[in-house]
Amino acid sequence: MSGEIAAFVKKVGAMARPNAAQDGRLLFALDATMSRQPTWDLACSLQSEMFRAIPKPSALQVQLLYFRGLGECRSSKWVIDGDALAKLMTGIACQGGHTQISKVFAHARTEHAKRRINAVVYVGDAIEENVDDLSETAGQLGLLGLPMFIFQEGRDARVEAAFRDFARLTKGAYARFDASAPQELAALLKAVAAYASGGKDLLKLQASGQAQALLAQLPR
């Protein structure tokens, strides 16, 4: 994997883009209910991979959004380095509660209206809300040009069907990962970071199978 990353960074580093410092905004949303603690810890250890996949002078701004407990849904400031995001994440503990995916969608829409978000990452394993209502909102995000990259842990068929639909409606992509294989999630996060920073052209340069699988789902 390290060889693939090195080759990717070398290729992308040769591609100069105008206004790179203003490009690349990624909303990183995670389910932080109690069942998610192992995956939260995994995401904490891997989130820096998103920044490492982006060469200078390109830039990637990331905002953390999470929900947990009894209606708690919070977002961080926008950060531009892995250390800052890691500091934010390590101070958060998962708590029991229901999913609040509707709030994730609403927040994404609000932030996108302020300034374009290039991609939304959502990591979760459950849905405890009305799927039809969520699908309608996802369709609205798609019309606004806000793609969602939805990563599912586990094999709940109902959750998979809904997550796949949200990804399709937003013109994004879906993938499943196994928390026991952390390199899978790392490759997925790097792939979306590449997309958020430079679109499909940069995603195409990433050689991992996970990146190519996401690319194949995106509208041509």
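Modeller: One term before the sheet. Two strands pair if DSSP finds at least two bridges between them. Also, this is a predicted model.

Colleague: Fine. In which sense do β2 and β3 pair, and over how many bridges?

Modeller: Antiparallel. Strand β2, residues 61-68, pairs with β3 over six bridges.

Colleague: On to helices. At what angle do α8 and α9 pack?

Modeller: About 50°, with the axes 8 Å apart. Helix α8 covers residues 182-204 and helix α9 covers 209-217. The two are therefore oblique to each other.

Colleague: Is the crossing of α8 and α9 right-handed or left-handed?

Modeller: Right-handed.

Colleague: Which residues make that contact?

Modeller: From α8: Glu184, Ala187, Leu188, Ala191, Val192, Lys200, Leu203 and Lys204. From α9: Gln210, Ala211, Gln212, Leu214 and Leu215. By class, the α8 contact with α9 has eight nonpolar, two polar and three charged residues.

Colleague: Now α6 and α7. At what angle do they pack?

Modeller: About 25°, again with a stated axis separation of 8 Å. Helix α6 is residues 131-143. An angle under 35 degrees counts as roughly parallel, so α6 and α7 are roughly parallel to each other.

Colleague: Who touches whom between α6 and α7?

Modeller: α6 brings Val131, Leu134, Ser135, Ala138, Gly139 and Gly142. α7 brings Arg158, Ala162, Asp165, Phe166 and Leu169. That contact of α6 with α7 has six nonpolar, three polar and two charged residues.

Colleague: And α5, how does it sit against α6?

Modeller: The axes of α5, residues 101-114, and α6 come within 10 Å and cross at roughly 20°. That makes α5 roughly parallel to α6. The crossing of α5 and α6 is left-handed.

Colleague: Which residues of α5 and α6 meet?

Modeller: Ile101, Ser102, Phe105 and Arg109 on α5. On α6, Leu134, Thr137, Ala138, Gln140 and Leu141. The α5 contact with α6 counts five nonpolar, three polar and one charged residues.

Colleague: Change of topic. How many aromatic pairs are there?

Modeller: Six, taking rings as paired if their centres lie within 6.5 Å. Among them is Tyr122 with Phe163: the centres are 5.9 Å apart and the planes at 90°, so the pair is edge-to-face.

Colleague: Where do Tyr122 and Phe163 lie?

Modeller: Tyr122 is in strand β4, residues 119-124, and Phe163 is in helix α7, residues 157-169. So the pair ties together parts that are 41 residues apart in sequence.

Key: Residues numbered from 1 in each chain as written. Predicted model: local features only at pLDDT ≥ 70, side-chain atom pairs only at ≥ 80, totals over all residues. Heavy atoms only, no water. Axes fitted to C-alpha atoms, helices over the stretch in contact; angles between N-to-C directions. Helix = DSSP H or I, 4+ residues; strand = E, 2+ residues; numbered from the N terminus. Parallel < 35°, antiparallel > 145°, perpendicular 65-115°, else oblique. Left-handed = near helix turned anticlockwise from the far one by under 90°. Contact = heavy atoms within 4.5 Å. Nonpolar A, V, L, I, M, F, W, Y, C, P; charged D, E, K, R; others polar. Phe/Tyr/Trp six-rings, centres within 6.5 Å; stacked < 30°, edge-to-face > 60°.
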